Amino acid sequence: MSSQGTADAVHRHQQLGLSDGEVLDMYKYMLLARKFDERCLLLQRAGKINFHVSGVGQEAAQVGAAFGLDRDHDYYLPYYRDYGFVLAVGMTPRELMLSAFAKAEDPNSGGRQMPGHFGHKKLRIVTGSSPVTTQVPHAVGFALAAKMKKQEFVSFVTFGEGSSNQGDFHEGANFAGVHKLPVIIMCENNQYAISVPIHKQLSGKISDRAQGYGFPDYV
Ligand SMILES: Cc1ncc(C[n+]2csc(CCOP(=O)(O)OP(=O)(O)O)c2C)c(N)n1
Ligand SMILES: [Mg+2]
């Protein structure tokens with residue numbers, strides 16, 4: 001990288017209001033998520049754990065989102081690839097491993113759910129269900145509670161682009177738009193839903209859907 005490039009890079013994160021310490025912390029969580037992921041893939045292929053769904057390539061969006069939230073008050077409804085996110089809001093690699101090995105001390109579900117079904121009461125991570133995007137109406141419910149109880153927190157929910165075609169997403173988004181609820185709905189678009197490429201899943205832009213429900217969209 002040229003010296004000009006380096007100067008620009010430093011300038012860019014400062015322009016976003018991020019300190020050197022914060023971007024280093026973000027990088028630490030991205031790397032931790034990647035290392036955790038790679039280890040789980042090895043463990044799964046070696047027959048030591050039953051199941052692993054990879055979040056490789058999605059770490060930056062996940063960690064960036066976590067750093068944009070109030071990590072002392074907000075409620076989170078992540079989806080199964082969100083290792084970077086849950087690590088950045090306080091879950092430990094040990095806790096994730098307890099889940100991978102289905103141990104009773106696993107705070108996510110006491111080892112009863114498949115890995116990737118995050119849940120952690122102390123960290124306000126709301127347990128997820130296996131049918132995709134059911135977490136969207138759940139997150140909207142948390143946001144409704146915030147509004148009704150006049151509390152300051154927001155709820156934050158993620159899901160894949162394929163799942164954004166499910167009814168749960170549309171019903172949740174519509175309700176949130178009508179009632180102007182404090183929920184952030186983030187689609188992690190990795191271009192595939194299992195083996196189905198995005199051009200066979202939907203024809204418009206996912207972010208445009210926000211406008212149809214009356215709230216702002218960001219890509
Ligand atoms: C309601 C429902 N239908 C189907 C499935 C099976 N399923 C699990 S993941 C997945 C693909 C989801 O793709 P996408 O939303 O793009 O998320 P990605 O895995 O690509 O992150 C499907 C169809 C499911 N879990 N729930
Ligand atoms: Mg996808």
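Let me start with a definition: a residue is buried under 20% relative accessible area, exposed over 50%, and partly exposed in between, using a 1.4 Å probe and protein chains only. By that rule R124 is buried, since its relative accessible area is 14%.

Okay, some ground rules. This is a predicted model, where local features need pLDDT of at least 70 and side-chain atom pairs count only at pLDDT 80 or more, while totals for chains, interfaces and linings use all residues. Residues are numbered from 1 along each chain as its sequence is written, chains are lettered from A and ligands numbered from 1 in the order in which they are written, and side-chain values use heavy atoms, leaving out hydrogens and water.

Back to R124. You'll find R124 in the loop between α5 and α6; helices here are DSSP runs (H or I, at least four residues), strands likewise (E, at least two), and both are numbered from the N terminus. R124 isn't a glycine, yet its phi is positive, about 60°. K150 is another residue other than glycine with a positive phi, near 50°. K150 sits in the loop between α6 and β2 (155–160), and with a relative accessible area of 73% it is exposed.

H120 is also in the loop between α5 and α6 (135–148). Is H120 buried or exposed? Buried, because its relative accessibility is 9%. Not counting residues up to four places away in sequence, H120 touches M91, E95, P107 and I125, where contact means heavy atoms within 4.5 Å.

Now, helix packing. Two packed helices are described by the angle between their axes and the distance between the axes. The axes are lines fitted to C-alpha atoms, for helices over the stretch in contact, and angles run from 0 to 180 degrees between N-to-C directions.

Have a look at helix α2 (residues 20–45) and helix α5 (residues 93–100): their axes come within 12 Å and cross at roughly 25°. That's why α2 and α5 count as roughly parallel. For the cut-offs, roughly parallel is under 35 degrees, roughly antiparallel over 145, roughly perpendicular 65 to 115, and the rest oblique. The contact involves L32, F36, R39, C40 and L43 on the α2 side, with P93, L96 and M97 from α5.

P93 deserves a quick stop. P93 belongs to helix α5, and at 34% relative accessibility it is partly exposed. P93 and L32 are 61 residues apart in sequence, but 8.2 Å apart in space, C-alpha to C-alpha. Leaving aside neighbours within four places in sequence, P93 contacts L32, F36 and L87.

What about α2 and helix α3 (residues 59–67)? Here the axes are 9 Å apart and the angle is about 135°, so the two helices are oblique to each other. From α2, E22, D25, M26, Y29, M30, A33 and R34 meet E59, A60, V63, G64 and F67 of α3.
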